Amino acid sequence: MKISAIITLKKDVLDPQGKVIHKTLDGMGFKGINEVRQGKYFEVDVKENDPSKAKKIVEDMCKKLLANLVIEDYQIIETQ
Amino acid sequence: MKSSVITFPGSNCDRDMNVALTKFGFKNKMVWHDDNELPKSDLVVLPGGFSYGDYLRCGSMASKSKIMQSVISFAKSGGLVMGICNGFQILVETGLVPGVLLRNKYLEFICKNVFIKVDNKDNPYFKHIDKNVFEFHIAHNEGNYFCTQDQLKEIEDNNQIAIYYCNKEGQTEDQFNPNGSIKNIAGIFNKGKNVLGMMPHPERMIDQSLSGEDGSLFFKNLINNIK
């Protein structure tokens, strides 16, 4: 089954790319933005059909490789 | 004195490092990332470059490669491991040195000479060196050193900050910080001071006619310290 993970920078970590995107959007006329934070999205198709087990596997991947927990948070989403 | 330079797919300073180490008397071996065993070494170097195309996070893939298991055990048993630039990024991903390297503050790839100040000489890398400010070269996109406040306190308490970005006179004000690193940090040690990660490239400063010789001072001192 497919499990998705969203990795984002922790709140107190500077996200210069997000800042630039914010400024650009602002310049394009998208006024009223409080903040833009950029992240990464992963979709992992695992050979496991039990949702909670599948999530656990992807969570382990997040901890060990996909995210760097010093600066990033992850969020697991079951997609299928 | 024996050294090993690890080559990852995408490393591009490995051969420069080989030239530098050999020039100052190391018997150097090039080691492929997919090898299991590390040759007998007094020093292991993780060179600069763009290992695995900087995919995911700089250094993250390389930190999981086969040879790194041996490098990590070597470091944990007290062996000298030095990571330069991408090598520093690999070191933080292994957890051998604390913190992470974020994108440069102003989102620019920086390629220029900088001055760095050596703060701590109580270690095998800078012991006995009779200079405090060096001119080295940097070339990176992700060199913005970051760590949590707790980690910062810990590395400061343990004197783990190896070098700072500064000006010619050794002043470490904000304006001499090229990439936004916390406290102008350009390089740090692990707790045991046997592992050093730094963004500047000493191997690019070993020839008077090409660059400068501050790297020569560094390598000459290093081999004397290891002997």
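**Close-up views of chains A and B**

**View 1. Where chain A meets chain B.** Chain A brings 8 residues to the contact and chain B brings 12 residues; residues are in contact if their C-beta atoms, placed from the backbone, lie within 7 Å. On the side of chain A that touches chain B, α1(A) gives the most, with 3 residues. That side has 6 nonpolar, 2 polar and no charged residues. Here Ala, Val, Leu, Ile, Met, Phe, Trp, Tyr, Cys and Pro count as nonpolar, Asp, Glu, Lys and Arg as charged, and the others, Gly among them, as polar. The model is predicted: local features need pLDDT of at least 70, side-chain atom pairs count only at pLDDT 80 or more, and totals for chains, interfaces and linings use all residues. Residues are numbered from 1 along each chain as its sequence is written, while chains are lettered from A and ligands numbered from 1 in the order in which they are written.

**View 2. Helix α1 of chain A.** Helix α1(A) covers residues 16-27. Helices (H or I, at least four residues) and strands (E, at least two) are DSSP runs, numbered from the N terminus. The 12 residues of α1(A) should span 16 Å, at 1.5 Å a residue; the expected span is 1.5 Å times one less than the number of residues. The end C-alpha atoms are 17 Å apart, which agrees. Just after α1(A), A:Gly29 takes a positive phi of about 110°.

**View 3. The open sheet of chain B.** Its 9 strands run in the order β2-β1-β3-β4-β11-β10-β9-β6-β7, with mixed pairing. Strands pair if DSSP finds at least two bridges between them. β2 (27-32) and β7 (133-140) of chain B each have a single partner strand, so one side of each is left without a neighbour in the sheet. From one strand to the next, the twist averages 25°. Axes are lines fitted to C-alpha atoms, for helices over the stretch in contact, and angles run from 0 to 180 degrees between N-to-C directions.

**View 4. β4 and β11 of chain B, with two helices.** β4(B) (residues 80-84) and β11(B) (residues 195-198) run parallel, joined by 4 bridges. B:Gly83 has B:Gly197 as its bridge partner. Helix α2(B) (residues 66-76) packs on the sheet, touching β1, β2, β3, β4 and β11 of chain B. Its direction makes about 125° with that of β4(B). Helix α3(B) (residues 86-94) lies across β3, β4 and β11 of chain B, at about 120° to β4(B).

**View 5. Strand β9 of chain B and its partners.** β9(B) pairs with β6(B) in the antiparallel sense over 4 bridges. B:Lys117 stands opposite B:Tyr164. β10(B) also runs antiparallel to β9(B), with 3 bridges.
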